Amino acid sequence: MTSRIPRDSRLRLVRPRPLAAAPRAVNQRRPSRPAPRPPEGTPAPAELARMARTGLAGAVRVARWADAALGPGSDGATADGKATLSESTARRAAADLGLSPAQVRADWDTARLAGLVEVHGDSARPGWRLRAWDRDDSAVLRGWVALFDAWSLAHPEHEEHEPAAVAEVVSAMPQLLSFLQLSAGPVPVEQLLDLLQQRVTELRTERCEVPYESGTEQPAGSPAAEPAPAADAPLDPLLDWALKALASVGALTYGAGQATLTPLGSWAVWVKLEQICVAAQSPAGNIEQSAEDMLRGCAQLRPNAARAEYRAWLAARPVGSAVTQLIDAARGEDALLRGLAFEALRVVGAPAEPDVRAVVVEPALRPYALLWLAEHDGVDPEDAHEALTRNEATWLWVDTAAAVADHGEAPMLVRHLEAAVQPTVPQLLDEVRAVGHPRTVQVLVALAAAHPDPALAKAVRRAAFQVHTGG
C-alpha cells in the first residue's frame with residue numbers, strides 16, 4: 001500500500017515575500033485620499049530640502065567626522081553620558097576640520113537636535129537621517145523640522161531671564177509664528193510684541209493668575225499674596241531672544257525692527273498647523289479611545305488612513321505614555337493588534353526606541369521589535385526580515401497567520417503561505433511545530449480548512465493533530 005501524502009514537488013511554495021510585509025497582509029487596499037497641499041508659492045520639496053541641507057551643512061560635517069573618526073559608541077565621544085562632546089574630542093575635531101572648538105560644539109549640538117546624531121544610553125551614534133542625508137529629501141526635511149521644534153534649545157535664553165516668563169514666551173510663539181505665516185511678509189517687531197503680550201495674558205488668565213489690585217484684601221497664606229515674578233518680567237528681551245533663536249535655526253530673518261519667515265520656516269509652520277488639524281479632527285474618530293480600541297478601529301482602514309489615525313491619536317498624548325499604551329496593547333492575545341501596535345510605533349519613530357529595545361527580551365514581541373529596530377537603523381523594509389533568525393521568522397509567520405485567521409478571509413490565509421521562509425510545506429510544518437507558538441494548532445486547523453488542495457490540507461491537519469497531542 002503506497003502513501004497518499006504527496007511528495008515535496010507538489011507542496012513547494014511560491015517564492016517567499018519579505019516578512020516585513022507580513023503584518024500588512026490583513027488589508028492591502030490602496031489609499032485614495034489625496035495629501036493636503038502646502039500654500040501657493042511654497043517651494044517644491046526638493047528645493048526645501050536643498051535649503052535645509054545648506055543650513056545644516058556644518059552639523060552634517062561634524063556628525064560625519066564623528067562617525068569616521070570615532071565610530072559608533074566610541075568612549076571618547078562624550079563626557080557626561082548625555083552626548084555632550086568631550087573637551088579632547090572637540091579639540092581633535094576642530095583641528096581636523098579647521099574650526100574652533102566652540103564652532104564644533106555648536107554644530108554637534110545642532111546635529112543632535114536634528115537627529116543626525118542619536119543618543120543611546122551613555123553614548124551617541126550616527127542617526128538614520130545622516131545615513132540617508134544625500135539621497136532622501138524627506139529625511140532631510142524631517143531633520144530640519146526636528147531642529148525647528150527645538151529652537152529654544154538651539155539658542156538657550158540668558159540666565160537672568162525669569163524661567164516662568166521664558167516658558168510663557170515659548171508657549172506663545174506658535175501663535176506668533178502662525179501670524180507671521182499668514183502675513184506672508186515682514187512684520188514689525190512692535191506688532192509681534194503686542195501679540196505676544198496678548199497671548200501671555202491669555203495664558204495667565206487660563207491659569208487663573210489674575211493679580212490682586214493694590215489695596216485689595218488677600219487671604220492669609222494665599223499663593224496669590226506672593227508677587228508673581230513672571231508677571232513683572234518685561235517681554236521685549238524675551239521676544240528678542242525668541243526671534244534670534246528662530247533665526248539661528250533658519251526659520252526666519254530678523255533685523256531692522258521686523259521679522260520674516262523664510263520659505264523653510266513658512267513651510268514648517270504649515271506642517272505644524274496641519275498636524276494640529278489632524279489632532280483636532282481624527283479621520284475615524286478614535287482620538288479619545290484607548291490604544292487597544294484605537295488599533296481595533298484602525299484594523300479596517302487603508303494603510304494611509306490608519307497612519308493618519310495613529311498620528312492624530314499620538315498628537316493628543318505625551319509620547320511616553322502613548323508608547324507604553326501601544327506596547328501594552330501589543331502584549332495582548334490578539335495578534336492583529338500586535339502588528340498594528342508596531343505600525344503605530346513606526347509613526348512615533350525615534351522616541352519609541354528605548355521602549356522597543358526593552359521588549360526584545362519578550363518572546364511574543366521580539367520579532368516585531370527586531371524588525372522595528374532594523375528599519376529604525378536605516379535598513380530597507382524589504383530587507384529588514386534578515387534581522388530575524390529562522391526560528392523568529394517562523395514564530396512571526398504563525399503570529400501573522402493567527403491575525404489573518406481571526407480577522408481575514410480564507411483566501412488571504414492561503415496566500416500567507418507565500419510569506420514563509422521555508423521552501424516546502426513539510427519544512428514549514430516541521431518548524432512551525434517546533435517553534436512553540438501558543439496559536440499553532442488553531443492556525444494549522446484554519447489553514448487546512450481554507451486550502452483547496454486536499455492532499456496539502458490533510459498534511460496540515462495531521463501536523464495540527466500532532467501538535468495538539470504532543471506527538
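Student: What is the relative accessible area of Arg131, and how is that value to be read?

Tutor: The general idea is a set of classes: buried means under 20% relative accessible area, exposed means over 50%, and partly exposed lies in between (1.4 Å probe, protein chains only). Arg131 counts as partly exposed because its relative accessible area is 45%. This is a predicted model, in which local features need pLDDT of at least 70 and side-chain atom pairs count only at pLDDT 80 or more, while totals for chains, interfaces and linings use all residues. Residues are numbered from 1 along each chain as its sequence is written, and side-chain values use heavy atoms, with hydrogens and water left out.

Student: With which residue does the side chain of Arg131 meet in a salt bridge?

Tutor: A salt bridge is a side-chain nitrogen of Lys or Arg within 4 Å of a carboxyl oxygen of Asp or Glu. The partner of Arg131 is Asp67, at 2.5 Å from N to O. The helices and strands named here are DSSP runs numbered from the N terminus (helices: H or I, at least four residues; strands: E, at least two). Asp67 is partly exposed because its relative accessibility is 22%.

Student: How many salt bridges does a search of the whole structure find?

Tutor: The search of the whole structure gives 21 salt bridges. One of them joins Glu87 to Arg91, with the closest N and O atoms 3.8 Å apart. Glu87 and Arg91 are separated by about one helical turn, because they stand four residues apart in helix α3 (residues 87–97). Glu87 counts as partly exposed at 44% relative accessibility, and Arg91 counts as partly exposed at 47%.

Student: Where do Arg357 and Glu353 lie?

Tutor: Both residues belong to helix α17 (residues 353–358), four residues apart, about one turn of the helix. Arg357 is partly exposed, at 38% relative accessible area, whereas Glu353 is buried, at 5% relative accessibility. Salt bridges can also share partners, and in this way Glu87, Arg91 and Arg105 are joined into one network.

Student: With which side chain does Asp399 make a polar contact?

Tutor: A polar contact is a pair of N or O atoms within 3.5 Å; within protein, one must be able to donate a hydrogen and the other to accept it, and residues adjacent in sequence count only if both atoms are side-chain atoms. The side chain of Asp399 makes such a contact with the side chain of Tyr368, at 2.6 Å. Asp399 is found in helix α19 and is classed as buried because its relative accessible area is 0%.

Student: Which side chain is in polar contact with that of Glu343?

Tutor: That contact is with the side chain of Arg346, at 3.1 Å. Glu343 is found in helix α16 (residues 335–348) and counts as buried, with a relative accessible area of 12%. The C-alpha atoms of Glu343 and Trp372 are separated by 8.7 Å, although these residues are 29 residues apart along the chain.

Student: Which backbone oxygen does the side chain of Ser248 reach?

Tutor: The side chain of Ser248 reaches the backbone oxygen of Ala245, at 2.5 Å. Ser248 is placed in helix α11 (residues 236–248) and is partly exposed, at 45% relative accessibility. Ser248 and Phe148 are 100 residues apart in sequence and 9.7 Å apart in space, C-alpha to C-alpha.

Student: What is the phi of Ala184?

Tutor: The phi of Ala184 is near 55°, a positive value in a residue other than glycine. Ala184 is found in the loop between α8 (163–183) and β3 (187–188), and it counts as exposed at 70% relative accessibility. Ala256 is not a glycine either, and its phi is positive at about 55°. Ala256 lies in the loop between β4 (252–255) and β5 (258–261) and counts as exposed because its relative accessibility is 82%.
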